[in-house]
Amino acid sequence: MPRIDGLIFGYTVFSVEEKDAPSLVNALLRLGINASVKRDFTCEVRPRDGARLRRELRGKIDFTETEILGLPGFIYRNRHCYGTFLGILLGVFIFVWCSGAVWDVRIFDESFYGEETLCALSELGLYSGARWGQIDKDALEAELLLSSDDISWVNVNRRGTVAYVTLGKKNSFEKEDDGLTYSNVVASEDAVIEEINVRSGYAVVKAGDAVKKGDVLISGIIPGELGGGFVRAEGSIVGRVYGKVSATALESREEKVYVSSENVGVSYKILGFSINILKNSRNLDGMCDIIEYKSQLTLFGRYRLPLERCVKTRLSYNVKERSLGKDEMVKTAAGELLEQFLNKTADAEVISVRTDGAFTDGGYTMYSEYTVLKNIGREIPISVSEEKERFVPDG
Amino acid sequence: MTEKRAVPPSGFFMNAERAGRGMRMSLGAVVAVSELSPEKITLVSHGGRIRVSGTGLRLSVFEGRGVEIVGEISEVGFAYAKN
């Protein structure tokens, strides 16, 4: 195996018979040439030392000498192969050009969900395919900090062609200043008060009271006997809320029946550049859905590479009316009811649920009566007329 | 006051250390090599001859008449004699 400097600057190989090996070594000693004599009695020397060694050995011993090997030899031997050099130059250009691009953006903080932060970074110029030369990391960090209220610090690092973004979440213990000065907390729906915690203001209701939607729960007007004045009412009020949701599944319903599918577009996105391979824009009669499949090349299934394929498929369909069986009606109604129930109780603690259903003339109706505990306080601003010292509720 | 060190007038030195399965032996002020094969190497210095025998011996030459022998060296012999 030749030495690395020999590969770069070139080398020649001298070989002799075993009986002439001492003469070769003696010549190397006399000339002061650094060389290693291998077991097959060959030695590699630099081209300049090779010329001196050749003069020294000529006429004394029999030896063979190769042409110049290594990179200079390769260039010399292929000096007329313009295509080879053009290919090498093109390869070097592509390598340099690709290394100047951002291949992936990786975010190090689980509390920041990828897509939102990636969108924010993309708007600021850091995205897969962006040129590193056009990215000012300091300015990017400053702009990201200014654009988001949830980030306390940000650090953008470059490792190779990958951008590593580390984010620190801001710990906010104080309520944001939304411009309100004085306010009341009112009930957002009919409920029975279970628990009330007042941070500021005057509690108008107590646990066990039944309130209607819009009733004041915590007042921002302090009574005269407690000192008087206006404050911004704040606190949490947990109420027991009763509700009902219902869903009806009809005996017949309209359904899409897909009749054909056709690829209407294929495009590749490489380092931010989009290349359309197929684009079919002719209109078809009837209704259709356009489905877009996006697939991205990854390394080991983890690291995304900036090569993306997008296939658009047009699915044509006809609408047909289909009658449902009893089981299907119950299943459809149950699905819709569950969706409504989850929407209604998303931010609440469910205490009890009672569900029932019945077949009617037109289909099947299902309903649920539920009881939940939830925060029913809603802040309503109040404006105070300073001249007359009277308050006017907004809205 | 400077310390005077005993330096041989010829500049000869020898050093040996373990290297892989064998040894690496460095020698200075080698005048010539009279015998070279993978089993036996004979070096000539100003003071005499150094015979190195073993298996898989390989010889490298450096500037200043330095020589390095790498291989499974089994025996090193010295013979005093003028060149």
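A contact here means heavy atoms within 4.5 Å. The exercises below concern a predicted model.

**Exercise 1.** Determine what share of the contacts in chain A between residues at least 6 apart in sequence join residues at least 24 apart.

*Solution.* Contacts between residues at least 6 apart in sequence form the reference set. Of these, 64% join residues at least 24 apart.

**Exercise 2.** Classify the aromatic pair of A:Tyr182 and A:Phe230, and state where each residue lies.

*Solution.* The ring centres are 5.7 Å apart, and the planes meet at 45°. Planes under 30 degrees apart count as stacked and over 60 as edge-to-face; the pair is therefore tilted. A:Tyr182 lies in the loop between β7 and β8, A:Phe230 in the loop between β12 and β13, 48 residues apart. With a relative accessible area of 30%, A:Tyr182 is partly exposed; A:Phe230, at 28%, is also partly exposed.

**Exercise 3.** Carry out the corresponding analysis for A:Phe341 and A:Tyr370.

*Solution.* The distance is 5.5 Å centre to centre and the angle between the planes is 75°, an edge-to-face arrangement. A:Phe341 belongs to helix α8 and A:Tyr370 to strand β19, 29 residues apart. Buried means under 20% relative accessible area. A:Phe341, at 13%, is therefore buried, and so is A:Tyr370, at 8%.

How values were computed: Residues numbered from 1 in each chain as written. Chains lettered and ligands numbered in written order. Predicted model: local features only at pLDDT ≥ 70, side-chain atom pairs only at ≥ 80, totals over all residues. Heavy atoms only, no water. Phe/Tyr/Trp six-rings, centres within 6.5 Å; stacked < 30°, edge-to-face > 60°. Helix = DSSP H or I, 4+ residues; strand = E, 2+ residues; numbered from the N terminus. Buried < 20%, exposed > 50% of the residue type's maximum accessible area, 1.4 Å probe, protein only.
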